[in-house]
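Hello,

Please take a look at the structure below. My notes follow it.

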Amino acid sequence: MNTAQLETITSEAMTLSEKERAKLAHDLVASLDGMAEISVSEAWDEEICRRINNLESGKTESLEVSEAIERARALIRN
């Protein structure tokens with residue numbers, strides 16, 4: 001495969017949905033690392049996509065690390 005062909009494949013892959021790109025990336029990495037536990041990996045891929053979508057849509061609040069630690073400590077004290 002030459003560089004132009006690889007660039008075409010990459011360009012086409014970038015038009016896939018986030019979930020489809022995650023699956024493709026997973027499959028490519030798995031082909032390098034050998035077979036992993038697919039169901040666990042797929043579950044993590046879906047969770048990562050869900051979290052990214054929630055952040056981008058505003059459904060999830062992003063916190064500074066110091067704020068997150070402060071909130072966790074407050075919950076522990078109660």
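A question to start with: does N54 count as buried or exposed? N54 counts as buried, because its relative accessibility is 16% and the cut-off for buried is under 20%. N54 sits in helix 3, which covers residues 38–57. Beyond the residues up to four places away in sequence, N54 touches K59 and T60.

**Confidence**

Please keep in mind that this is a predicted model. The mean pLDDT of the protein is 88. Of its residues, 92% reach 70 or more. Among the elements, helix 4 has the highest mean pLDDT, at 94. Helix 2 has the lowest, at 85. Where pLDDT is low, the predicted coordinates should not be read in detail.

C49 is buried, because its relative accessible area is 11% and buried means under 20%. Which residues does C49 contact, leaving aside its neighbours within four places in sequence? They are E18, K19 and A22. Take K19: in sequence, C49 and K19 are 30 residues apart. In space, their C-alpha atoms are 6.7 Å apart.

**The largest pocket**

The largest pocket holds about 180 Å³ of space. Its lining consists of M1, L6, I9, T10, A13, M14, R21, L24, A25 and L28. Which helices each supply at least two residues of that lining? Helix 1 (3–13) and helix 2 (18–33) do. By class, eight of the lining residues are nonpolar, one is polar and one is charged.

M1 is one of the lining residues. It belongs to the segment before helix 1. M1 is exposed, because its relative accessible area is 73% and exposed means over 50%. Not counting residues up to four places away in sequence, M1 touches L6 and I9. Both L6 and I9 are in the pocket lining too.

**Salt bridges**

How many salt bridges does a search of the whole structure find? It finds five. Side chains of opposite charge can pair when their charged atoms come close.

- D27 and K23: their side chains meet in a salt bridge, at 2.9 Å from N to O. Both residues lie in helix 2, four residues apart, or about one turn of the helix. D27 counts as partly exposed, at 34% relative accessibility. K23 is partly exposed as well, with a relative accessible area of 41%. Both values fall between the cut-offs of 20% and 50%.

- E47 and R50: this salt bridge has an N to O distance of 2.5 Å. The two residues lie in helix 3, three residues apart, again about one turn of the helix. R50 is partly exposed, with a relative accessible area of 41%.

- E61 and R71: here the side chains meet at 3.3 Å, N to O. This pair links distant parts of the chain, ten residues apart. E61 is in the loop between helix 3 and helix 4, while R71 is in helix 4. Is E61 buried or exposed? E61 is exposed, because its relative accessible area is 54% and the cut-off for exposed is over 50%. R71 is partly exposed, at 38%.

There is also a network: salt bridges that share partners join E47, R50 and R51.

L75 is exposed, because its relative accessible area of 66% is over 50%. How far apart are the C-alpha atoms of L75 and L55? They are separated by 23 Å, and the two residues are 20 residues apart along the chain.

**Where to look**

For a quick tour, begin with N54, buried in helix 3. Go on to C49, which is in contact with E18, K19 and A22. Then turn to the largest pocket, where helix 1 and helix 2 each supply at least two lining residues. After that, find the salt bridge between E61 and R71.

Best wishes

How values were computed. Residues are numbered from 1 along each chain as its sequence is written. This is a predicted model: local features need pLDDT of at least 70, side-chain atom pairs count only at pLDDT 80 or more; totals for chains, interfaces and linings use all residues. Side-chain values use heavy atoms; hydrogens and water are left out. Buried means under 20% relative accessible area, exposed over 50%, partly exposed in between (1.4 Å probe, protein chains only). On a 1 Å grid over the protein atoms alone, a cavity is a set of points where a 1.4 Å probe fits but cannot get out, and a pocket is an open set with protein on both sides within 12 Å along at least five of seven lines; lining residues have an atom within 4 Å of a point. Grid points are joined across faces, edges and corners, and a volume is the space filled by probe spheres set on the points. Ala, Val, Leu, Ile, Met, Phe, Trp, Tyr, Cys and Pro count as nonpolar, Asp, Glu, Lys and Arg as charged, and the others, Gly among them, as polar. Contact means heavy atoms within 4.5 Å. pLDDT is the predictor's confidence in each residue, from 0 to 100. A salt bridge is a side-chain nitrogen of Lys or Arg within 4 Å of a carboxyl oxygen of Asp or Glu.
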